[in-house]
Amino acid sequence: MPDNNRNNDISAIMDLMVTDFAEAVGHGMVVSTLAVHTARELGYDEVFCNDIAMAGMLHDIGKLRLGEVLHKKRSEAMVVEKMKYVRLHSEYSRSILKELGFSEIIQKMVYHHHENYDGSGYPGNLSGEDIPAGSRILRVCDVYAALISDRSYRKAFAEDVAVELMIEEARHFDMKVFLAFLNVIHSEDYEQIRKLTGNRVDAASEQYMRENCIIEYNV
Ligand SMILES: [Fe+2]
């Protein structure tokens, strides 16, 4: 006899996987585009820019391997165990890129994209210039892209609020990179990038979210 509950569960998980995939592609495009513009602003050559474009697109690919933990109780705030599990995605991303034959430079950019400049990130607790340059760029662009997007537990922040929040956490970022990034988002080119970014909220909801929501951009 068919187990209808199980079929419903599988169908719900499949729907979430499709949504996750679409979100991952959208997020990858924004991070990749911001990272390329920031790298150019910093004077990196086109080889580096091509590498970071790829790394930005694929940095979270490992999340697709995290499976059902991500698909259970998505509306709940992340518990510690779940956060620890999600943090494995950097390693998964690197191993997928290795399997697919991407260069070691791209693998390293991706593996370290959650390192913070002050050493408080993961997976290596690297700090300062020990963090690969590409990862330092990805870190800034990834945080911004996450803040200006809807999440299952909160709505998107407006761009200026996202920047304010990042300034408050500036110890996480390479200041040279952060300043170059600010130049990018205040440049005319940004109009093109903005077309890739998603959802907006009004000022009242934004105030509510600032006061009531946990910012979970660090996972
Ligand atoms: Fe990530």
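Biologist: How are H5 and H6 oriented to each other, roughly parallel or roughly antiparallel?

Modeller: In this predicted model, H5 and H6 are roughly antiparallel to each other. The axes of H5, residues 89-99, and H6, residues 104-111, cross at roughly 165°. Since angles over 145 degrees count as roughly antiparallel, the pair falls in that class.

Biologist: Within what distance do the axes of H5 and H6 come?

Modeller: They come within 8 Å. In general, two packed helices are described by the angle between their axes and the distance between the axes.

Biologist: And is the crossing of H5 and H6 left-handed or right-handed?

Modeller: The crossing of H5 and H6 is right-handed. On the H5 side, the contact is made by Ser 90, Ser 93, Arg 94, Leu 97 and Lys 98. H6 contributes Ile 106, Gln 107, Val 110 and Tyr 111.

Biologist: How do the residues of that contact of H5 with H6 divide into nonpolar, polar and charged?

Modeller: Four are nonpolar, three are polar and two are charged.

Biologist: Staying with H6, which residues are buried there?

Modeller: The buried residues of H6 are Ile 106, Met 109, Val 110 and Tyr 111. Ile 106, Val 110 and Tyr 111 also take part in the contact with H5.

Biologist: What covers the buried residues of H6?

Modeller: The cover includes helix H2 (46-58), H5 and helix H7 (133-147).

Biologist: Changing topic, where is Pro 123, and what is the peptide bond from Tyr 122 to it, cis or trans?

Modeller: Pro 123 lies in the loop between H6 and H7. The bond from Tyr 122 to Pro 123 is cis, with omega near 5°. For background, most peptide bonds are trans, and most residues other than glycine have a negative phi.

Biologist: What is the phi of Asn 125, and where is that residue?

Modeller: Asn 125 has a positive phi of about 50°, although it is not a glycine. Asn 125 is also placed in the loop between H6 and H7.

Biologist: Is Asn 125 buried or exposed?

Modeller: Asn 125 is exposed, because 11 other C-beta atoms lie within 10 Å, and a residue counts as exposed at 12 or fewer.

Biologist: Now the whole protein: how many helices and strands are there?

Modeller: There are 11 helices and zero strands.

Biologist: What share of the protein is made up of buried residues?

Modeller: Buried residues make up 32% of the 219 residues. As for contacts with a separation of 6 or more, 72% are between residues 24 or more positions apart.

Note on methods
Residues numbered from 1 in each chain as written. Predicted model: local features only at pLDDT ≥ 70, side-chain atom pairs only at ≥ 80, totals over all residues. Axes fitted to C-alpha atoms, helices over the stretch in contact; angles between N-to-C directions. Helix = DSSP H or I, 4+ residues; strand = E, 2+ residues; numbered from the N terminus. Parallel < 35°, antiparallel > 145°, perpendicular 65-115°, else oblique. Left-handed = near helix turned anticlockwise from the far one by under 90°. Contact = placed C-beta atoms within 7 Å. Nonpolar A, V, L, I, M, F, W, Y, C, P; charged D, E, K, R; others polar. Buried ≥ 20, exposed ≤ 12 C-beta atoms within 10 Å, placed from the backbone.
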